[in-house]
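Have the viewer open as you read.

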Amino acid sequence: MKFERPQQLKTEGQNGPPDENERRRSGEDELPGGGNTTPENQGEEVRLADFASQKIRIAESEVARFSGNGEELIRRIEQEANLPIGDIVNVRGRVRVLERLNDLINEANGLFDRLKGEISKLLAKENQAPIERMRNDEGRRYQEMKDYLRRQQKEIPGPVIEEARRRRNQLLEARGLFSMSKSDFDSYFASKDFEVHADLKQQNVGDCYIVAAIHAMSSSPHFEMICRSSMERLPDGSWKVRVPFMSEDGEIITITPEELLPQKNKQFLRRRKGEGVLPDLRMKLAPVKGKEGLRVLEAAAIKRKFGSVDRLAADRGGFGDDVLLSLGGDNFIQYNVSSAVLNQEDKWEYPGLSSLDGRNMAYLDHYLENFDPEVHIATASTKHGVGGPAGFYKVEGAAKLLAAGHAYSISSVDKEKRTVKIANPWNTSRPIELTFDQFKKSFSGLEAIRIDSYRLFRNMGRIVEKTA
Amino acid sequence: MTQDNKKIDPRELARSFELQIKQAVAKKFSTSVDDLTLLRDEDAAYLSQEEPDSLCCFVVGQKSGFLYLVIGKIGKDGKSLSDLKSDVVS
């Protein structure tokens, strides 16, 4: 099953307007359930069958033409000979010319039938492999799904699982499998004692999509394990970040203390294309305000995408799910939906998620109604080009304002109350609660991921297993 | 705790019920007992602070790579284990 992700403008905070030339690629997410036969090899099978049938049809028509022509030719010769009909019948009987012609045709048709049979067998044999593969694949998927559901059937109460996670962390730490100590994690990530949710304030760089992604990720109960197994603070104050997180062969990104400092803005007092008459008045580009580890994550996300901690490049905007995917790799599965549509004048419109068609609305509802912080990490983007010069618009039925063309993080979802708690990267300490309806009317897109818990846990388990 | 905690060695208790502990995981997650390893680290078996009179221990699936938690009620004698339950921790 596929869900289309329409192209739309990136979210970029209030500092970097979207670049029309850098519109997002049109991505499609393959959800579990597809077969193993690719369109390419399906095409191969179809072409082979068509080719064989076509050749047989040509040969059959040639034989038919030959038989028709042959009979006609014989009759013409007989007429030209101008012999009495009795003699002709006599000669026909002796030479058996028509019978021989018919025998020839019958033999040819017999050969065609055999040929068709052989080709069918061959095709069946050829097709068997993909069918087998598909069956195996379906079986595997079914088994995976069954295993997943079993894992979801929790027998042990949540607090006991939480206690176990703390014990697991101690165990991993004792084995030297965490690159970061608990005390380092508490010092460099947690905003308050025992509170993991990141307290972040986006500064003057238009990287709301990165900040929102980091904040959303910090809501995950796996955040500590992910950070402690994939990040390390070195004695000189620099950091090593392994991305994708928790992958044994991940790329190591080093972030120096200098890269965490504000940068000189090369665009200072210059105008950017399509940005209006005002020049860029930002002398320096400041990193997100928050704990050091969170600033490292912001810098690592920028470096991963642009090759260096180029805050000006990050200013161009992007999507929260792309940031999560670039950091989480295969452990995360993209999950997004957008209401952006291209109108007749070739301009993007953002009618809001409430305008989604039935299929995409079902997709969104499914995500919200089944939101599980264990497996879901989500950001959402507001509408572009609304709110007038100030760039703010009101949430329908609530005394709340949203910034246009901006990414927000989703901190939690209350399925019973049908509310979504979102946070603005400008200040994540002030969550905004919206009903599902308000959220759908106010937001243009959901950019989220689902943790592939099988892969994530397996990666973690492998680490444990190695020293078991 | 109703038992005399001083007398209970969680690791020792887990080790003596290793087969039953693995069977609890194998039954729920359709895996083979041979594929499971009971962790023997100091922190891998402990008395739960959240659930009274309960032993918790970790089991790793060699093929799946999952880390399972198994919890069981400790008998009054401190030497028996019953009502084993398991879930994936990570």
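In H6(A), the residues A:Tyr209, A:Ile210, A:Ala212, A:Ala213, A:Ala216 and A:Met217 meet A:Gly320, A:Val323 and A:Leu324 of H10(A). For the sorting, Ala, Val, Leu, Ile, Met, Phe, Trp, Tyr, Cys and Pro are nonpolar, Asp, Glu, Lys and Arg are charged, and the others, Gly among them, are polar.

Before going on, some housekeeping. This is a predicted model, where local features need pLDDT of at least 70 and side-chain atom pairs count only at pLDDT 80 or more, while totals for chains, interfaces and linings use all residues. Residues are numbered from 1 along each chain as its sequence is written, and chains are lettered from A and ligands numbered from 1 in the order in which they are written. Helices (H or I, at least four residues) and strands (E, at least two) are DSSP runs, numbered from the N terminus.

H6(A) also touches H8(A), through A:Ile210, A:Val211 and A:Ile214 on the H6(A) side and A:Leu294, A:Leu297, A:Glu298, A:Ala301 and A:Ile302 on the H8(A) side. That contact has seven nonpolar, no polar and one charged residues. A:Ile210 turns up in the contact with H10(A) and in the one with H8(A).

Axes are lines fitted to C-alpha atoms, for helices over the stretch in contact, with angles from 0 to 180 degrees between N-to-C directions.

| Helix pair | Axes come within | Crossing angle |
|---|---|---|
| H6 (residues 208-218) and H8 (residues 292-306), chain A | 10 Å | roughly 130° |
| H6 and H10 (residues 320-328), chain A | 8 Å | roughly 60° |

## The six-stranded sheet

What is the strand order in the open sheet of six strands? It goes S8-S17-S11-S14-S15-S16 in chain A, with antiparallel pairing; strands pair if DSSP finds at least two bridges between them. S8 (332-338) and S16 of chain A are the edge strands, each pairing on one side only. From one strand to the next, the twist averages 30°.

Inside the sheet, S11 (residues 376-382) and S17 (residues 443-451) of chain A are joined by seven bridges, with A:His376 partnering A:Arg450. H6(A) lies across S11, S14, S15 and S16 of chain A, at about 25° to S14(A). H10(A) packs on the sheet as well, touching S8, S11, S14 and S17 of chain A and making about 15° with the direction of S17(A).

Further along, S14 (residues 407-414) and S15 (residues 419-424) of chain A share five bridges, and A:Val413 stands opposite A:Val420. They form a hairpin with four residues between them. In that loop sits A:Arg418, which has a positive phi of about 55° although it is not a glycine. S15(A) then forms a hairpin with S16(A), with two residues between them, and A:Val420 has A:Leu434 as its bridge partner in S16(A).

## The three-stranded sheet

The other open sheet to look at has the order S3-S4-S5 in chain A, paired antiparallel. Its edge strands are S3 (231-233) and S5 (251-255) of chain A, and neighbouring strands are turned by 20° against each other on average, direction ignored. H8(A) packs on this sheet, touching S3, S4 and S5 of chain A, with its direction at about 120° to that of S5(A). Three bridges join S3(A) to S4 (residues 239-243) of chain A, including the one between A:Glu232 and A:Lys240.

In the loop between S4 and S5 of chain A lies A:Pro244, and the peptide bond from A:Val243 to A:Pro244 is cis, with omega near -10°. Most residues other than glycine have a negative phi, and most peptide bonds are trans.

## Confidence

Chain A has a mean pLDDT of 79, and 76% of its residues reach 70 or more; pLDDT is the predictor's confidence in each residue, from 0 to 100. Where pLDDT is low, the predicted coordinates should not be read in detail.

Note on methods. Contact = placed C-beta atoms within 7 Å.
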